[in-house]
Amino acid sequence: MAGALAGSLGIGLPCSTKLSHTTSRSSRLVRVKMAATLDEKKNFTLKKSEEAFKAAKELMPGGVNSPVRAFKSVGGQPIIIDSVKGSHMWDIDGNEYVDYVGSWGPAIIGHADDEVLAALAETMKKGTSFGAPCLLENVLAEMVISAVPSIEMVRFVNSGTEACMGVLRLARAYTGKEKLVKFEGCYHGHADPFLVKAGSGVATLGLPDSPGVPKAATSETLTAPFNDISAVESIFNANKGEIAALILEPVVGNSGFIPPKPDFLNAIRILTKENNALLIFDEVMTGFRLSYGGAQEYFGITPDLTTLGKIIGGGLPVGAYGGRREIMEMVAPAGPMYQAGTLSGNPLAMTAGIHTLKRLKEPGTYEYLDKITSELVEGLVAAGKKAGHAICGGSINGMFGFFFTDGPVYNFEDAKRSDTAKFGRFYRGMLEQGVYFAPSQYEAGFTSLAHTSEDVQHTIAAAEKVFKQI
């Protein structure tokens, strides 16, 4: 039982039948052995990364183009990546790592997949961007619509942030109402209305609600703790007839990995219907990762609108929002709600997305992800407890997380009880052992079809060593 795994590890999960394990695809997976065993790994250095990052800080704010990459919450030197392949990555100093970030989720079939690269090479011969319709948009749109229960029409954009910005405008246009309900610690991109008690890098860096956001932009944003249905009911009761939509990550990934309590999503679905408010699932992380139809298929709850990103672009910049036809026909040029994008639906992102989804639809995909991720999380939590650390964790198929606290973790307040200083020490120790996790306690981790049992066993062995040191 998926619920049994996460529950036993300290994170509450709704009970659902665990899929049978299979390794029928294993012979086709990209397998890259670690360059050296734990005992053989010597001379770990980040000298070149240090030099490059020092130069980067003179060129870009904080030396990065997305804040969490700066390692501020874990300390130490950010690594500068040179190349990736399968489940592994290499920095410019030549260090090799098993990667559990996967470009923050897109690399579900593995980095630099040969089939995807070959398809991209063929597409590039025709051009990289048309600024006009291309047939590939139809192909990917049909695949998304056939897979995701809530989507009858879809609009492609260029990022998850853009998708969430567009879907909020659409919800307000369709309902004629302005108020939005979101959950504390959930991150829906950096558009102004969402930067209220946000997760991801905002939580990682301990920032207050962002400067530069006008009060008017967030005055209609209402927040509640995740997994607290009574708090949501109170918000709806206090704002009768004024709420346009409720948006949530069906499984939180931007405060760490936090699944919903049993019946929480169903209760939210009932509450939004009773109040004529739209339910929006932000599936930028969970889409095509928890199952081929996303979290909504996995949990059996169909929202009115859905945002997607990451996986549907196969590693290239992409986003999408979609939902019921009657709602989506509000979007220009079919309707009056305006949204546009120069690179939206570009042929490269469409190609990578198409070939990634084709692979995910093959038999055994999610059973394999379930097997490999369960093995990883069970091993990490067991190793941590054996070494005397307070730790809990859980997973659903290709998404996982762990916290340095006894748990259970049901919301962002629970997550903040985690020992982040200890996580920083653990993180730096794991880097030296050739394992790359997200550089924040408040980010979920991701596995891929390219991860192997050898990768997992190396990771657990490394963790056992580091747990003893910290």
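Here is a short chat about a predicted model of one protein chain and the spaces inside it.

Visitor: Quick start. How many helices and strands does the chain have?
Guide: The chain has 16 helices and 14 strands. Keep in mind that this model is predicted.

Visitor: What share of the residues is buried?
Guide: Buried residues make up 59% of the 470 in the chain.

Visitor: What about contacts? What part comes from residues 24 or more positions apart?
Guide: Take the contacts with a separation of 6 or more. Residues 24 or more positions apart account for 74% of them.

Visitor: Let's look at holes. How many cavities of 30 Å³ or more are there?
Guide: The structure holds three of them. The largest cavity has about 110 Å³ of space.

Visitor: Which residues are closest to the centre of that largest cavity?
Guide: F402, S440, E443, A444 and G445. They belong to a lining of 15 residues.

Visitor: Which element gives the largest share of that lining?
Guide: Strand 12, residues 399-403, with four residues.

Visitor: How does the lining of the largest cavity divide by type?
Guide: Nine residues are nonpolar, five are polar and one is charged.

Visitor: How many bridges join strand 11 and strand 12?
Guide: Five, in the antiparallel sense. As a spot to look for, I396 stands opposite M399 in strand 12.

Visitor: Next hole. How much space is in the second largest cavity?
Guide: About 40 Å³.

Visitor: Which residues line the second largest cavity?
Guide: The lining is G86, S87, D99, G102, A107, G110, H111, S448 and H451. One is nonpolar, seven are polar and one is charged.

Visitor: Pick G86. Where does G86 lie?
Guide: In the loop between strand 1 (81-85) and strand 2 (88-91).

Visitor: Is G86 buried or exposed?
Guide: G86 has a relative accessible area of 2%. The cut-off for buried is under 20%, so G86 counts as buried.

Visitor: Switching to pockets. How much space lies in the second largest pocket?
Guide: About 740 Å³.

Visitor: How many residues line the second largest pocket, and which lie nearest its centre?
Guide: The lining has 30 residues. E137, V154, R155, F156 and P333 lie nearest the centre.

Visitor: Which helix and which strand each supply at least two residues to that lining?
Guide: Helix 4 (135-147) and strand 4 (153-157). Helix 4 gives the most, with five residues.

Visitor: Last one. How does the lining of the second largest pocket divide by type?
Guide: It has 17 nonpolar residues, nine polar ones and four charged ones.

Definitions and conventions:
Residues numbered from 1 in each chain as written. Predicted model: local features only at pLDDT ≥ 70, side-chain atom pairs only at ≥ 80, totals over all residues. Heavy atoms only, no water. 1 Å grid on protein atoms, 1.4 Å probe; cavity = no way out; pocket = protein on both sides within 12 Å on 5 of 7 lines; lining within 4 Å. Points joined across faces, edges and corners; volume = space filled by probe spheres on them. Nonpolar A, V, L, I, M, F, W, Y, C, P; charged D, E, K, R; others polar. Buried < 20%, exposed > 50% of the residue type's maximum accessible area, 1.4 Å probe, protein only. Contact = heavy atoms within 4.5 Å. Pairing = 2+ DSSP bridges.
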